[in-house]
Amino acid sequence: AYNTRSRAEVDAVLAEAKAAGGQILKPAEDAFWGGYTGYFADPDGHLWEVAWNPDWTITVLGRTRLGH
């Protein structure tokens with residue numbers, strides 16, 4: 001999975017994956033748990049989830065913290 005800092009970043013990562021030869025399997029949409037998520041397969045066939053969770057903070061070092 002690739003966790004993002006914003007909804008817009010989910011769309012940007014999926015667009016970048018597609019431009020690099022990936023296949024979008026499920027376009028981004030609102031998730032039942034309150035976030036925003038989509039899925040793609042990279043050119044080697046590996047599956048990826050790209051997600052934004054409004055209850056998580058991602059630090060400048062890329063660490064994920066639960067809660068605000």
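**Exercise 1. Classify Asn-53 as buried or exposed, then find its side-chain contact.**

Step 1. Asn-53 has 15% relative accessibility. Buried means under 20% relative accessible area, exposed over 50%, and partly exposed in between (1.4 Å probe, protein chains only). Asn-53 therefore counts as buried.

Step 2. Locate the residue. Asn-53 lies in the loop between strand E4 (47-52) and strand E5 (56-58). Helices (H or I, at least four residues) and strands (E, at least two) are DSSP runs, numbered from the N terminus.

Step 3. Find the partner. The Asn-53 side chain reaches the backbone nitrogen of Asp-55 at 2.8 Å.

Ground rules for this work: the model is predicted, so local features need pLDDT of at least 70 and side-chain atom pairs count only at pLDDT 80 or more, while totals for chains, interfaces and linings use all residues. Residues are numbered from 1 along each chain as its sequence is written, and side-chain values use heavy atoms, with hydrogens and water left out.

**Exercise 2. List the salt bridges and say which elements the Arg-7 bridge links.**

Step 1. Apply the criterion: a side-chain nitrogen of Lys or Arg within 4 Å of a carboxyl oxygen of Asp or Glu.

Step 2. Arg-7 pairs with Asp-30, with the closest N and O atoms 2.6 Å apart. This pair links distant parts of the chain: Arg-7 is in helix H1 (residues 7-19) and Asp-30 in strand E2 (residues 23-30), 23 residues apart.

Step 3. Lys-26 and Glu-29 form a salt bridge at 3.2 Å, N to O.

Step 4. Arg-7 is partly exposed at 36%. Asp-30 is exposed at 54%. Lys-26 is partly exposed at 36%, and Glu-29 is partly exposed at 39%.

**Exercise 3. Identify the ring over which the charged end of Arg-7 sits.**

Step 1. The test: NZ of Lys or CZ of Arg within 6 Å of the ring centre and within 35 degrees of the ring normal.

Step 2. The ring is that of Tyr-36, with the charged end of Arg-7 4.0 Å from its centre.

**Exercise 4. Find the aromatic pair and classify its geometry.**

Step 1. Rings of Phe, Tyr and Trp (its six-membered ring) pair if their centres lie within 6.5 Å; planes under 30 degrees apart count as stacked, over 60 as edge-to-face and the rest as tilted.

Step 2. The search of the whole structure finds one aromatic pair. Phe-40 and Trp-48 lie 6.2 Å centre to centre, with 5° between the planes, and the pair is stacked.

Step 3. Compare the partners. Phe-40 is buried at 9% relative accessible area, whereas Trp-48 is partly exposed at 33%.

Technical notes:
A polar contact is a pair of N or O atoms within 3.5 Å; within protein, one must be able to donate a hydrogen and the other to accept it, and residues adjacent in sequence count only if both atoms are side-chain atoms.
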